[in-house]
Amino acid sequence: MAEPLVGVVGGYGAVGAALARQLYDRGGARLRIGGRDPHAAAALVDKQLEGRGEAAAVDAYDPGSLAAFCAGCAVVVNCAGPSYRVLDRVAVAALAAGAHYVDPGGDLPVRDLLTAAGTGDRAAVLNAGLMPGLTALLPLGLARAGSGRVARLTAYAGLVDRMTPAGAAEYLLSLGGGHGEPLAAWRGGRRVSRALEPLTGVEVPFYPGRVAVHPFLSGETEWLAATLGADDVDWYNVFDGGGNVVAALSRLRPAMLGAGDLESAARELAEAAALDLFGRDPYQLFVFEIADAVGRRVLVLRTEDTYEATALLAAQATVDALAGRLPAGVHLAAEVVAYAPVAAALRAHPTVRVFEVIDAGLDGAAADEGEL
C-alpha cells in the first residue's frame with residue numbers, strides 16, 4: 001500500500017524546511033515540497049530528504065496552482081506566509097482536494113473564514129506552531145496533570161532570536177488589531193484592562209540576568225484561561241538583550257494597529273532583533289507556573305531554534321491527521337493534539353536544551369521532576 005502524500009506549501013522556507021525534515025525523520029508519508037522556486041524545492045528534497053520526495057512549483061496566491069499542488073495529498077501543511085495575506089487560500093484548495101489542513105499560524109480571520117465555509121469531513125488545524133501553539137498546549141498539559149481547580153497561571157515567554165520580515169509582521173499584528181491587549185490580565189474569569197504594568201531590569205526565574213517584562217493578554221491566552229477555568233492569569237512577554245526590540249516596538253505601535261506601513265515596520269523590527277542577538281546564541285525560553293489546590297507545578301522549556309520548535313507541533317498535528325485522530329472541523333492545535341507525544345518529541349529533539357516539569361508542592365519546596 002502506497003504511503004500517503006503530505007504537501008508542504010512554502011516547504012523550503014525556515015519553518016517549512018524544519019517541518020519537512022521532522023516529517024521525513026518520522027516516516028510513514030511521502031512528501032511533496034512546494035514553493036514559487038521549484039529549484040529551491042528540488043534542492044531541499046535532494047540535500048535534506050535524501051531525494052525521497054518530490055518538488056513542485058506552487059503559488060499560494062494562484063488558485064489553479066494550489067489546486068494542482070494539493071491534488072492527491074492526504075494532508076496539506078501551509079508554511080507560506082504571512083497569514084494576514086495568505087488567509088484561507090491554501091486551506092480552501094486543500095479541503096477542496098479532500099485533504100486535511102494544518103497551519104503553524106492561521107490567525108482569527110482564517111478561523112472565521114474556514115468556520116463559515118465548513119470543512120466537510122476533514123480537519124483544519126490552526127495555531128500549530130510555537131507561539132501561538134505550544135504556548136497553549138504546554139500549560140494546558142501542565143494544568144491537567146494536577147488534581148485541583150486552577151487558581152493562577154503565570155507565564156513568561158521570551159525569545160532572543162533572528163526574525164524573518166514575514167515573522168516580524170506576524171508578531172507585530174499579534175500585539176494589536178484585536179489579537180490581544182497590552183497590560184491586561186485575567187481576573188476572576190474575565191479580562192481586566194491595565195491590571196499589570198511593564199517592568200525593566202527585573203529578575204525572572206530561569207532567565208539569565210535582568211530582563212524587561214511586558215504584560216500581554218492574547219486571544220490564545222484568553223482561550224486558555226477560559227478552557228482551564230482559571231481564576232487569574234498573568235502573561236508576560238520577556239525581552240532580553242540590548243533593548244533594541246523593546247525600543248522598536250514602542251515606535252511601531254501604529255503598524256500593530258494597521259495604521260502604518262507594515263512591511264517597513266517588519267523590516268525595522270527584524271533589524272532590531274538582529275542587533276539584540278549580535279554576539280549571542282539564540283534561545284527561546286518559556287516558563288509556565290500553575291497553582292491549584294494541591295500545590296504548584298512549573299514547566300520550563302528552553303530551545304535554541306525557533307523554527308524547529310514551531311515545526312514540531314505542526315508535525316505532530318500532521319501525523320495525527322494521517323492516523324485519523326483529528327475530528328472534522330476547524331480547531332486550534334491545542335484543542336485536538338495530545339500533550340504526551342509533543343512532550344516526548346520536545347524531550348528528544350536536539351535543539352531543546354531544557355524540558356523540565358517541577359512539582360513544587362504546597363509549601364513551594366521543589367520535588368522530583370514530574371512526568372506529564
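In what order do the strands of the open sheet run, and is the pairing parallel or antiparallel? The order is E3-E2-E1-E4-E5-E6-E16, 7 strands in an open sheet with parallel pairing. This is a predicted model, where local features need pLDDT of at least 70, side-chain atom pairs count only at pLDDT 80 or more, and totals for chains, interfaces and linings use all residues. Residues are numbered from 1 along each chain as its sequence is written, and side-chain values use heavy atoms, with hydrogens and water left out.

**The sheet and its helices**

- Helices (H or I, at least four residues) and strands (E, at least two) are DSSP runs, numbered from the N terminus, and two strands pair if DSSP finds at least two bridges between them.
- Strand E3 (54-57) and strand E16 (329-332) sit at the edges with a single partner strand each, so one side of each has no neighbour in the sheet.
- On average, neighbouring strands here are turned by 20° against each other, direction ignored.
- Strands E5 (residues 100-102) and E6 (residues 123-126) run parallel and are joined by 2 bridges; Tyr101 stands opposite Ala124 in E6.
- Helix H3 (residues 63-70) packs on the sheet, touching strand E1 (5-9), strand E2 (30-35), E3 and strand E4 (75-78). The direction of H3 makes about 165° with that of E2.
- Helix H5 (residues 89-96) lies across E1, E4, E5 and E6, at about 155° to E5.
- For those angles, axes are lines fitted to C-alpha atoms (for helices over the stretch in contact), and angles run from 0 to 180 degrees between N-to-C directions.

**Nonpolar cores**

- A nonpolar core is a set of buried Ala, Val, Leu, Ile, Met, Phe, Trp, Tyr and Cys residues joined through side-chain atoms within 4.5 Å. Buried means under 20% relative accessible area, exposed over 50%, and partly exposed in between (1.4 Å probe, protein chains only).
- The largest core has 69 residues, and Leu19, Ile33, Leu138, Phe288, Leu299, Leu346 and Phe355 have the most contacts inside it. Helix H13 (residues 306-322) gives the most to this core, with 9 residues.
- A second, separate core has 23 residues, including Val9, Leu66, Val90 and Ala93.
- Contact means heavy atoms within 4.5 Å. Beyond its neighbours within four places in sequence, Leu138 is in contact with Phe288, Leu299, Leu301, Tyr339, Leu346 and Phe355.
- Leu23 has its place in helix H1 (residues 14-26) and counts as buried at 8% relative accessibility. Not counting residues up to four places away in sequence, Leu23 touches Val6, Leu31, Ala315, Thr318 and Val319.
- The C-alpha atoms of Leu23 and Leu312 are separated by 9.2 Å, although the two are 289 residues apart along the chain.

**Rings and charges**

- Rings of Phe, Tyr and Trp (its six-membered ring) pair if their centres lie within 6.5 Å; planes under 30 degrees apart count as stacked, over 60 as edge-to-face and the rest as tilted. The structure holds 3 aromatic pairs.
- Trp235 and Phe288 make a tilted pair, 5.9 Å centre to centre with 50° between the planes. Trp235 lies in strand E13 (residues 232-239) and Phe288 in strand E14 (residues 283-292), so the pair ties together parts 53 residues apart in sequence.
- Phe286 and Phe288 have ring centres 6.5 Å apart and planes at 10°, so this pair is stacked.
- Ring pairs link Trp235, Phe286 and Phe288 into a cluster. Trp235 counts as buried at 5% relative accessibility, and Phe286 and Phe288 are buried as well.
- A charge sits over a ring if NZ of Lys or CZ of Arg is within 6 Å of the ring centre and within 35 degrees of the ring normal. The charged end of Arg32 sits over the ring of Phe69, 5.8 Å from its centre, and that of Arg302 sits over the ring of Tyr283, 4.2 Å from its centre.

**Helix H9 and Asn237**

- In helix H9 (residues 219-228), 7 of the 10 residues are buried, among them Glu220, Glu222 and Trp223.
- Asn237, in strand E13, counts as buried at 8% relative accessibility.

- Most residues other than glycine have a negative phi, and most peptide bonds are trans.
- The peptide bond from Met131 to Pro132 is cis, with omega near 10°; Pro132 is in the loop between E6 and helix H7 (134-144).
- Glu50 has a positive phi of about 55° and is exposed, with a relative accessible area of 54%.
- Arg194 also has a positive phi of about 55° and is exposed at 66% relative accessible area.
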